[in-house]
Structures are given as C-alpha cells and as structure tokens.
Amino acid sequence: MGQLRFLGDIKREFSGYNANAFSKDLLAGLTVTAVALPLALAFGVSSGLDAASGLITAILAGLIIGALGGASFQISGPTGAMAAILISLSVRHGVEGVFIAGFLSGLILLIAALLKVGALVSYIPSPVVTGFTSGIAVIIALGQIDNFFGTTSAGESAIEKLISYSELGFSVQLPTLFYGLLVILLMVLWPKKWNARFPASLLGIIVTLVLQMVLDLPVGEVGAIPRSLLGENRLHFGSLSLATLLPYLSPAISIAALGMVESLLCGSSGGKMRGEKLNATQELFAQGIGNVIIPFFGGIPATAAIARTSVAIKSGQQTRLTSIIHALGLLASMFLLSPFMSRIPLASLAGVLLVTSWRMNEWHSIRQIFSKRIKTSMSQYLITMIATVVFDLTIAILIGIIFSMVMFIVRSHRISIEIDPVTSELGEYDKHTKVVYVDGSLFFGSQDQLTKVVEKLLGEGVQRIIFSLRGVPTIDHSSINEFTEIVLLCRTREVDVLFCGVQAPVLTLMKRLDFVSLAGEDKFFSSAVTALESLR
C-alpha cells in the first residue's frame with residue numbers, strides 16, 4: 001500500500017515535466033550545492049571525523065534519501081544538530097562507534113516507518129522544539145572554540161571541554177583567529193540579496209582558502225580529501241554482530257530520534273513553503289535506508305536539513321531531481337576540487353558554524369515567548385535548552401515533554417466553582433437550595449475541591465445542592481468516586497443532591513460506573529430550572 005502511494009506521488013510529481021522544469025531543478029540544485037559544500041565539510045569535522053566524511057554523507061544522502069523521500073523538496077545531509085550528538089560519541093567510542101550507531105539508527109528509523117510513528121512528532125510542544133534547537137546551537141558554538149581560537153581542550157561533552165580550559169589554559173593563536181573572524185565578517189556583512197545567488201559561507205571559504213594558499217600561515221587545515229566515495233575509514237560487515245551492536249543501542253536511539261524530529265519538522269516547514277504535504281512514513285523509510293547504507297561508505301548519520309531545503313525551494317526547485325543534482329554537484333567538487341579543499345583552514349569552517357549556530361535559533365519564536373511573558377512556554381524553552389546542553393539530546397526532548405505534561409496537569413486541575421443562591425421567585429427553596437456551577441475537566445488532579453465546597457454548604461444548613469455540570473467536558477474514575485462520596489455524605493445529612501446539564505461523554509461514564517443508579521436517575525435534569533421545578 002505504501003509503495004503504491006509512493007509510486008503515485010512520483011507520477012504526480014513528474015506529470016508534465018519538461019525542459020523548463022528541468023532547468024529550474026538544475027539551477028536550484030547547483031545553488032544548493034554551493035550552500036551545502038562548506039556545511040558538509042564543516043559538519044564532517046565538527047562531528048569528530050573529517051571533512052571527507054561530511055562530503056560523502058551529503059552526496060549519498062542527496063542521492064538515496066532525496067530519491068526515496070516523502071516529498072519533492074527535502075534536501076538531506078549532515079547537520080549541526082547531528083554533529084552535536086556525534087562529537088561526544090566519536091570521543092567516547094571512536095570512528096567505528098559513529099558508523100555502528102549510524103547503521104543502527106537507520107534500522108530504528110525503518111522500524112519507526114513500519115510502525116507509522118511519524119505523527120508523534122506533532123505532539124511535541126513548539127517551545128520544546130525551540131529550546132531544543134537553541135540548545136543544539138549552543139553545543140555547536142561551544143564545539144568550535146578550539147578550531148576558532150586555535151586552543152586545545154579535553155573531555156567528551158561541550159561542558160567538559162569548556163571546563164578543561166581552566167587546567168589547560170586558553171592560548172589564542174592569532175592567525176587562526178584571523179581566519180575565523182574574517183569568515184564571520186564576510187557572512188554578516190554580505191548583502192542578503194547577493195547571498196541568494198552566491199552564498200556568503202562559500203565566499204568566506206574561498207577567500208580564506210586563497211589567503212592560506214598565498215600566506216601559508218601556521219594554522220590547522222582540513223587535510224587530504226580522497227577522490228572517492230569510499231572513505232578510508234568506513235563500516236565493514238565483519239564489524240557487525242549482536243555483541244558489537246548492543247553497546248551502541250542508546251546513542252543509536254538518540255540519533256534516530258533526532259533524525260525523525262529534524263526530518264519531519266523540516267518536512268512540515270518546507271511543505272508550507274512548497275504547498276505540498278509530506279508523506280511522513282515514506283520520509284522515515286528513506287531516512288532509514290540512507291542511514292543504513294551511508295556508514296559503509298564512511299559517512300556520518302544524515303537527516304533533512306532545513307536551511308538547504310529552504311534554499312532549494314526559494315531557488316525554484318520543482319522536483320526531487322534538485323536533491324540528486326546537488327549531490328552530483330558535490331561529487332564533481334570532490335573529484336575536481338579536493339586538492340584545494342584540503343587547504344581550507346579549520347578556523348574558516350568554525351566561523352561558518354558559529355554564524356550558522358546563531359542563525360539556526362528561532363529568534364521570532366523566542367522573542368514571542370519572552371515578550372508575551374508566557375511563563376509555561378518560557379519554562380519549557382529554558383528547561384529543554386539547558387537539558388540539551390547538559391544531557392543527551394533525546395533525554396532533553398523527553399524532559400521537555402514530561403515538564404509540559406506536568407504543567408498541563410497542574411493547569412487542568414484548576415477548575416472553576418461558583419455557588420449561586422436560588423432566586424426568591426422560585427419560592428420556599430431559595431434559602432436552603434444552592435446551585436454549584438462547575439467549569440473545567442474533572443480528574444484526579446482536581447480531587448477534593450468539590451468535597452470541600454459541599455462540606456462548607458452542609459455547615460451552612462443547605463438542604464438541597466444542584467450541581468450544574470454543563471461546563472465539564474470530561475471526567476475520570478476518581479472524580480466520579482468523589483461524587484459518590486458526596487452523595488453518600490449528603491444522604492446521611494438528609495440533603496438532596498441533583499445534577500443538571502451533564503454532557504453526554506460524562507453521563508456515559510457515570511452510567512458505566514453505576515453512579516447514575518446510585519444517585520438516582522430521577523436526580524438528573526437538563527437544566528437547573530427543571531431541577532428546581534421538580535422540587536416544587
């Protein structure tokens with residue numbers, strides 16, 4: 001069924017495809033190549049591997065995931081968010097550990113596609129996603145300190161490396177700093193209207209590359225980039241066994257979760273720009289296939305990239321051929337430009353990533369959260385961001401979601417209860433009858449609030465209590481048990497308890513739990529007026 005839908009989507013995508021559409025795909029693909037090239041090199045290095053691994057990933061992801069993806073517009077490859085996970089993994093387990101975890105993450109994504117869990121991403125609150133993105137931006141920025149300043153740090157995590165400067169010292173290398181600052185200046189000052197035609201990041205890389213080839217300053221360089229899609233370090237089938245796979249299950253789940261979140265959020269964002277709906281299941285399948293294959297070539301885990309996808313759409317992209325063309329463009333760059341790319345200063349790539357980390361923050365959402373003083377959203381954002389920097393990225397998302405659920409429960413238990421006396425026109429019952437208006441969902445979190453109100457009324461000598469539940473859309477077992485105790489308590493005091501305006505879902509559960517028969521079917525009315533008239 002899924003294959004038939006995919007084939008149908010492909011048929012519609014290329015219906016009426018002609019030379020004009022191809023020319024637009026070609027131009028968009030070449031534009032994305034210019035954007036992706038410096039990022040692929042930078043993310044490869046920042047993942048703890050080398051620039052070649054980032055380039056291999058971008059090429060294969062563009063070909064495999066682009067061809068099989070769940071939308072015509074997705075551009076996949078190495079990303080900053082993924083690099084933030086991989087850097088600590090590479091320090092702890094080495095290059096092979098990254099490959100094994102990447103392979104496992106692909107299998108997990110394939111299972112997620114089979115289980116059709118893509119819709120779960122839509123349940124992540126937006127402040128959590130914003131905080132998660134900001135946390136990743138902080139990790140990327142902290143991870144570039146050594147390459148940007150020419151310093152040396154130690155430790156697995158960004159925090160540990162930051163703390164290590166107190167022992168190792170912080171000796172800035174001026175030539176390295178020069179290249180990093182130059183790239184940042186070019187990216188910040190380069191006019192936006194020119195950036196669409198010639199990316200500032202690529203300009204910065206070219207300028208610093210030329211300067212390095214002329215000046216030959218004592219700075220760290222990218223190093224040799226082989227003219228081959230098969231990296232020197234890559235995963236081999238002989239390395240795979242149950243014993244070798246199990247230790248990497250936890251990081252693989254983190255990688256897969258991040259890949260799922262990033263790819264589907266990218267698909268949602270790109271879909272709005274393109275006017276096309278993402279097939280989430282097919283996208284997860286494509287991401288899974290890609291990440292299973294890529295490690296055997298020496299690449300790192302890939303995911304959909306929002307920046308490159310956005311550039312593709314804005315450049316006139318028509319079909320998924322844009323992704324394939326961008327991959328072929330990167331492949332051509334590998335074969336034609338590898339001798340030159342090997343001389344790129346690492347500080348230049350660090351400058352690109354520092355600007356990228358700043359820009360990847362969702363500043364509009366952040367300003368909205370804090371300017372409107374939305375306390376819950378502010379807490380969700382800050383807790384998720386801090387957890388992302390301090391803990392594992394998957395744990396950070398879980399912390400953000402759990403906190404959101406707790407806050408929802410806390411807010412939900414605040415039901416509104418108003419007590420009104422009966423108007424004198426209804427006769428003798430005005431002094432001894434009270435109507436209790438309840439508004440809000442009744443569940444275990446709101447327990448005892450109604451009981452306290454009833455105890456207060458009983459103390460005042462009330463003889464009849466009418467609960468108006470028109471404003472109660474849902475109720476749980478605990479709250480019905482509370483009503484049971486209220487009815488039994490009132491009977492001991494010879495006080496009548498009536499119910500009116502009970503919504504259908506609430507009444508259905510009351511009947512299933514035998515509360516209606518306990519309270520008496522004749523005690524339920526459509527409105528407070530009919531309930532009072534029955535007392536005449």
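Contact here means heavy atoms within 4.5 Å. This is a predicted model, where local features need pLDDT of at least 70 and side-chain atom pairs count only at pLDDT 80 or more, while totals for chains, interfaces and linings use all residues. Residues are numbered from 1 along each chain as its sequence is written, and side-chain values use heavy atoms, with hydrogens and water left out.

Start with Ser377, which sits in helix H18, residues 375-390. (Helices are DSSP runs of H or I with at least four residues, strands are runs of E with at least two, and both are numbered from the N terminus.) Ser377 has 14% relative accessibility, so it counts as buried; buried means under 20% relative accessible area, exposed over 50%, and partly exposed in between, using a 1.4 Å probe and protein chains only. Leaving out residues up to four places away in sequence, Ser377 touches Pro127 and Ile369.

Now zoom out. The protein chain has 24 helices and seven strands. Its radius of gyration is 31 Å, well over the 24 Å that the globule rule gives for 536 residues, so the chain is more spread out than a compact globule. (That radius is taken over C-alpha atoms, and the rule is 2.2 Å times the number of residues to the power 0.38.) Along the principal axes, the C-alpha atoms fill a box of roughly 100 × 60 × 55 Å.

What about burial and contacts overall? Of the 536 residues, 51% count as buried. Among contacts between residues at least 6 apart in sequence, 82% join residues at least 24 apart.
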